[in-house]
Amino acid sequence: VFAPVAHDTDYFADDRSFMLNFRVGDLDAMLAALRSAGIAVSHEQEMEGLGPFARIHDPEGNPIELWQQPE
């Protein structure tokens, strides 16, 4: 799914025009694997009714959001 976000959003940095969002089956396991590989994780949060999220960045600084859909 591609979903546009308003150009004046404060959800991610002003100097970025998009963010990829991937749904993962086990966010805790994914974050542990990323951290063990030396990848920084940020913006860990739980959104009511939506589930847990976390963010990483690609080598160029673009945000990549990881989301575990609630069961």
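1. Confidence. The chain averages a pLDDT of 89, and 96% of the residues score at least 70; pLDDT is the predictor's confidence in each residue, from 0 to 100. This is a predicted model: local features need pLDDT of at least 70, side-chain atom pairs count only at pLDDT 80 or more, and totals for chains, interfaces and linings use all residues. Residues are numbered from 1 along each chain as its sequence is written, and side-chain values use heavy atoms, with hydrogens and water left out.

2. Elements. Confidence is lowest in strand 1 (residues 20-23), at a mean of 91, and highest in helix 1 (residues 27-36), at 98. Helices (H or I, at least four residues) and strands (E, at least two) are DSSP runs, numbered from the N terminus.

3. Core. The largest nonpolar core has nine residues: Val24, Leu27, Leu31, Leu34, Val41, Ala54, Ile56, Ile64 and Leu66. Such a core is a set of buried Ala, Val, Leu, Ile, Met, Phe, Trp, Tyr and Cys residues joined through side-chain atoms within 4.5 Å; buried means under 20% relative accessible area (1.4 Å probe, protein chains only). Helix 1, strand 3 (51-57) and strand 4 (63-67) each supply at least two residues of this core. Helix 1 gives the most, with three.

4. Leucine 27. Leaving aside neighbours within four places in sequence, Leu27 is in contact (heavy atoms within 4.5 Å) with Pro52, Phe53, Ala54, Leu66 and Gln68.

5. Methionine 19. This residue sits in the segment before strand 1. Not counting residues up to four places away in sequence, Met19 touches Tyr11, Phe12, Arg55, Pro63, Ile64 and Glu65. Methionine 19 and valine 5 are 14 residues apart in sequence and 9.4 Å apart in space, C-alpha to C-alpha.

Methods
Buried means under 20% relative accessible area, exposed over 50%, partly exposed in between (1.4 Å probe, protein chains only).
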